[in-house]
Amino acid sequence: MNTSSLIQKVWNFCHTLKDDGVGYGDYLEQLTYLLFLKMAHEFAQEPYLRESRIPRGYDWAALRVKTGEPLEAHYLATLHKLGEQPGMLGAIFFKAHNKIQDPAKLARLVQMIDAENWVGMDTDAKGDLYEGLLQKNAEDTKSGAGQYFTPRALIQAMVACMRPEPMKTIADPACGTGGFFLAANEWLTGTGEWIRRHGDWLGHEPQRLTRTQKAFLRDETFHGNEIVAATRRLCLMNLFLHNIGELEGEPSVERADALIAEPKRRVDYVLANPPFGKKSSMTFTNEDGEEDRDALIYERQDFWTTTSNKQLNFLQHIVSMLKVDGRAAVVLPDNVLFEGGAGEKIRRKLLETCDVHTILRLPTGIFYAQGVKANVVFFDAAPKDGRVHTKGVWFYDLRTNQHFTLKTHQLKLEDLRDFVACYKPHNRHERTETERFRYLAYDELIARDKASLDVFWLKDDSLDKLDDLPPPDVLQQEIIEHLEAALAAFRDVAAALPKFEERGHPQSG
């Protein structure tokens, strides 16, 4: 069977299962378990003869010969057994459950996977299949998986600006399903459809990696954190299908809260889109036996200030992750650029201690989390020598008079072409101002109210040209996003009110 036919077959089976209430996320998980077992089986055969560490009797050979209820029972026992194993094996099968309740359909899925040689299949094909399922899962609003999925066009443009080099380490403290890692891997290897199609204007220069560089890329380049076990599982499988990581190795993505402690290692690059939720919190059971949430504040010596704002904590953490010559590109919501209090203190320290050189104002309508207004902040680490390291910041406005939606007008890499050209990845000291690209010196920025980095200058044409409004579906989506953003702000205020009153402030009225 050729690759396109196989991909279609996998997709069709997904639709068959959806009739039984098995969504994309559940299908992805079961596909992950079975694919991992089948590929481990293939690697154990000639010419590879690799040790899989899968206990005898719980491997693919034991599973594929069963049907009906014995298959279902053995599959459950296999998931439980493998979840107890160390290393990559235990990470993939951690708290694994069978979501396919019809034994006949489980048997069909096993047969479909067993009929193919997955190890010998082209990496792009395997990766495209899995990435396609991840995107479909993100689009399924009921699953909530969209919060872990960053638009691939945005990731690719960020990677093209950062231009990662071989033998360097790359980290993402909230890596979701691994989108940044995959794009960086494709940049370094010269693979990926986006590079083949747009490599000329992206400035990609093909290079052949040495054996040492390939081994470093596979085993040592990427370091991530993903606190949600199911998402981490999908990330590890996504990386594995793209030749990142080893069956018998340790997982490159830790299942831990990245903010709990200082980073274990310093890295060359951080590429990240941390969670959009403002408040870090933990869930506990109160005296009445009901679930309650409380603000989680991280007391860390390497942080500039203490706050329960998750986004500000991630920004401080990312600064701590970088080597002295490390570089970062981070997606951050608007409030991080203008908030007072802890936000202002962190911005001033960031401008002083790092070289914050570029901010990309992103359009609305590109994230699965509605109501989000976000930016990409590019900055470089610098020596702790007491000097101010930001000379000035270049701002690119991709938001004003730009209209995107997730369904009818998705953000494409081509939409970021002008930004990449203005960024000048080969030499960012040769930049020039354009209509959408402006420079503000450090002295101008710190003189702004609260040292706000929420800078905009373009006129919104829609305010004047009522006859030239966006299409109704785009306008409707923008209204929804504005209302969602306002609701989120009100929720933050409401959550803070009880604590405000506890500190002795009387209620108004």
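Trainee: How many bridges join strand 7 to strand 9?

Mentor: The model is predicted, so local features need pLDDT of at least 70 and side-chain atom pairs pLDDT 80 or more, while totals for chains, interfaces and linings use all residues. Residues are numbered from 1 along each chain as its sequence is written, and side-chain values use heavy atoms, without hydrogens and water. Strands are DSSP runs of E, at least two residues, and helices are runs of H or I, at least four, numbered from the N terminus; two strands pair if DSSP finds at least two bridges between them. Strand 7 (residues 322-333) runs antiparallel to strand 9, and the number of bridges joining them is 7.

Trainee: Which residue of strand 9 is the bridge partner of arginine 361?

Mentor: Strand 8 (residues 355-361) also pairs with strand 9, in the antiparallel sense, over 6 bridges. The bridge partner of arginine 361 in strand 9 is asparagine 375.

Trainee: Is strand 9 largely enclosed or open?

Mentor: In a regular strand, side chains alternate between the two faces of the sheet. Because 7 of the 7 residues of strand 9 (residues 374-380) are buried, the strand is largely enclosed.

Trainee: How are helix 7 and helix 12 oriented to each other?

Mentor: Helix 7 (residues 123-139) and helix 12 (residues 229-241) pack at about 155°, with their axes 8 Å apart. Angles run from 0 to 180 degrees between N-to-C directions, and axes are lines fitted to C-alpha atoms over the stretch in contact (heavy atoms within 4.5 Å). Angles over 145 degrees count as roughly antiparallel. The two helices, helix 7 and helix 12, are therefore roughly antiparallel.

Terms used. Parallel < 35°, antiparallel > 145°, perpendicular 65-115°, else oblique. Buried < 20%, exposed > 50% of the residue type's maximum accessible area, 1.4 Å probe, protein only.
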